[in-house]
Amino acid sequence: MFMRCVPRLLVGNGTNLITALCGKLWHCRGMRIVVCVKHVPDVLSERRIENGRLVRGEDDTLNELDENAVEAAVQAVEDHGGEVIVLTMGPEDAEDSALLALQKGADRAIVISDDRLAGSDVIGTAQVLAAAIRKLADEEIIDAAITGMASLDGMTSMLPAALATALRWPYIGLAHELEFTTGRAEILRSADGFDDRLATSLPAVISVTDQVNEPRYPNFKAMKAARSKPLDIWDLDELENFIDTDSLAIGEHGAGTQVLSAGEHPQRDSAQVVQDSGDGGIKLAAYIAEVLK
């Protein structure tokens, strides 16, 4: 591919040649983007707490905010060529979320599932995802890792920055506009009353908001095609050459945070319906006064 891409560039001085080669080669090989997604309980389902932990695996689905990250990566590859790889860490049924991401345009999916990972916090999760990205980069260059702005189960929004720290990559986040050019990403974000335009060299970690795009809905053809796309299951042993086991903090015992108590909200009392026959305001005031006694 290198020889097909660059023969016309063999003119000029060495500095110009190197610059031209780098830019041309980036466009020739396309982009290779990893999208980190999460398999979470459906926000509309009944959630249960057992032993201080959220019960998973009953009615879980692809984190809705991660759909925007998948769409952003797919659009970038449609513009520049390349490959979108979806990466998730979770229980075995996280394959369902990976498959949905494939239906939405991703080219390949990897699920990291291992009993030793159960109970990991955001730091442990970031370490494992970073190891998987390093393994993928060992195969071929990774240009970027894109995430959603938060997961709808934890809502900490900490994973993108923790992942960038583990990879030692730059991080720009909360993008509501995203553009890739040769070896560079530029975003527009709104934060603290300001509109910021930020840019970084690649590779980088980038988080996007739900304003960045409108995720596509997979049609029957896309759903059928997803069945033939590669979906791999990795465990920790697959990552042993790409992870620092001495500093690894995984599982419930390695988590830096602990749940002291957790419980479901008490059921609300049934509502009282008041028919307004001209004195609804008086009845409402009387009800409020009774409740506040």
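This is a predicted model: local features need pLDDT of at least 70, side-chain atom pairs count only at pLDDT 80 or more; totals for chains, interfaces and linings use all residues.
Biologist: In what order do the strands of the 3-strand open sheet lie?
Modeller: In this sheet the pairing is antiparallel, and strand 10 (177-181) and strand 12 (194-201) are the edge strands, each of them pairing on one side only. From one strand to the next the twist averages 15°. The order of the strands is therefore given, with pairing through DSSP bridges as the criterion, as 10-11-12.

Biologist: Which residue in strand 11 is the bridge partner of Glu177?
Modeller: Strand 11 covers residues 184-191 and pairs with strand 10 in the antiparallel sense, over 5 bridges. Glu177 lies in strand 10, which spans 177-181. In strand 11, its bridge partner is Leu188.

Biologist: Which are the edge strands of the 7-strand open sheet?
Modeller: The pairing in this sheet is parallel, and the strands follow the order 9-13-8-1-6-7-14. The twist averages 20° from one strand to the next. An edge strand pairs on one side only, and here that applies to strand 9 (171-175) and strand 14 (231-234).

Biologist: Within strand 13, what is the bridge partner of Ala145?
Modeller: Strands of a sheet pair through backbone hydrogen bonds, in either a parallel or an antiparallel manner. For Ala145, the bridge partner in strand 13 is Val205.

Note on methods. Residues are numbered from 1 along each chain as its sequence is written. Side-chain values use heavy atoms; hydrogens and water are left out. Two strands pair if DSSP finds at least two bridges between them. Helices (H or I, at least four residues) and strands (E, at least two) are DSSP runs, numbered from the N terminus. Axes are lines fitted to C-alpha atoms, for helices over the stretch in contact, and angles run from 0 to 180 degrees between N-to-C directions.
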